[in-house]
Structures are given as C-alpha cells and as structure tokens.
Amino acid sequence: MSAATRSPQEVFADHGERLGTGDLDLVSGNYTEDAVAVTPAGTFHGRAGIRQALGRLLADLPDADWQLTPRFAGEVLLLHWSATTPEREVADGVDTFVFRDGLISAQTVHYTLTDRTARRSPRP
C-alpha cells in the first residue's frame with residue numbers, strides 16, 4: 001500500500017507502532033517532508049524537526065504506559081492521551097494531527113509532565 005492510499009486511521013495506527021520502536025528515523029517516515037510540529041518548546045519543521053520534537057517527548061516518558069483516545073474528523077485527528085512511567089506522568093496530553101496524502105503534515109502537542117516520585121511518601 002502506498003502512503004497516498006492510507007487513511008488517517010491507518011497512518012495513526014502505523015505511527016503508534018513506529019513510536020513503540022523508539023526509532024525516530026522510522027517514526028519520521030510517517031510525516032511529509034514539509035511537516036510542522038508545534039509544541040510548547042517551539043515550532044519544528046521537516047522530518048529533522050519532527051525527530052527532535054518526538055525525541056523530547058520520548059525522553060520525557062521513556063517506556064511509558066500510554067492511554068489514547070483518538071477522535072477523527074476527515075483529515076484531522078484530536079488525540080487526548082495520558083502516559084505513566086515509574087518516575088513521571090502526563091494526565092492532560094492533547095495532540096492534533098493533520099493528514100495529507102497518507103502522511104502526517106502537521107501536529108500540535110501539549111502536555112504537563114509531573115514528577116511522580118515527589119508525591120511518594122518517604123518510607124519509615
């Protein structure tokens with residue numbers, strides 16, 4: 001199947017599988033050459049920028065347990081998500097994706113990273 005014939009749902013499913021590998025070159029292959037990612041840390045352009053933005057997210061939440069609630073409307077996806085690691089968590093993740101020709105052409109990312117270890121009570 002060529003990229004142009006994939007539905008947004010198929011692209012998103014493939015995106016999740018690729019993210020699970022941690023291989024940012026593989027992940028960035030699901031984005032257009034001129035993709036843009038807008039995050040609280042800045043705006044990132046092209047596949048190199050996508051690798052940088054996603055690298056930061058994966059570094060913040062290594063080997064996380066993800067909970068995703070996607071909502072598709074044509075070529076647009078609103079994604080509510082949460083993620084948990086032993087040290088950190090995100091309860092308020094929200095991304096938007098815009099798809100074009102079977103690839104992701106734009107993404108926004110927002111989340112609040114919380115340190116879970118600070119909330120643990122000390123052992124007696």
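Student: Okay, where do I start? How much space lies in the largest pocket?

Tutor: This is a predicted model, and its largest pocket holds about 360 Å³ of space.

Student: Which residues are closest to the centre of that pocket?

Tutor: Gly16, Leu19, Gly20, Leu58 and Trp66 are, out of 19 residues that line the largest pocket.

Student: And which element gives the largest share of the lining?

Tutor: That's H1, with five residues. Helix H3 (46-60) and strands E3 (65-73), E4 (76-84) and E5 (88-100) also give two or more residues each.

Student: How does the lining of the largest pocket split by class?

Tutor: There are 12 nonpolar, five polar and two charged residues.

Student: What about the second largest pocket, how much space is in there?

Tutor: About 170 Å³. The second largest pocket is lined by 14 residues, and the closest to its centre are Thr39, Pro40, Arg56, Val109 and Tyr111.

Student: Which residues of H1 are buried?

Tutor: Pro8, Val11, Phe12, Asp14, His15 and Arg18. They cover an arc of only 165 degrees around the axis, so they sit on the same side of H1.

Student: Why would residues a few places apart point the same way?

Tutor: Because an α-helix has 3.6 residues a turn, residues three or four places apart end up pointing the same way.

Student: So which exposed residues are on the face of H1 turned away from the buried side?

Tutor: Glu17 and Gly20 are the exposed ones carried there.

Student: What follows H1?

Tutor: Gly22, with a positive phi near 75 degrees.

Student: New topic: how many residues are in the largest nonpolar core?

Tutor: It has 23, and the ones with the most contacts inside the core are Tyr31, Leu61, Trp81, Phe97 and Phe99.

Student: Which elements give two or more residues to this core?

Tutor: H1, E1, H3, E4, E5 and E6. As a general point, nonpolar side chains tend to be buried together in soluble globular proteins.

Conventions
Residues numbered from 1 in each chain as written. Predicted model: local features only at pLDDT ≥ 70, side-chain atom pairs only at ≥ 80, totals over all residues. Heavy atoms only, no water. 1 Å grid on protein atoms, 1.4 Å probe; cavity = no way out; pocket = protein on both sides within 12 Å on 5 of 7 lines; lining within 4 Å. Points joined across faces, edges and corners; volume = space filled by probe spheres on them. Helix = DSSP H or I, 4+ residues; strand = E, 2+ residues; numbered from the N terminus. Nonpolar A, V, L, I, M, F, W, Y, C, P; charged D, E, K, R; others polar. Buried < 20%, exposed > 50% of the residue type's maximum accessible area, 1.4 Å probe, protein only. Arc of directions from axis to C-beta. Core = buried A, V, L, I, M, F, W, Y, C linked by side-chain atoms within 4.5 Å.
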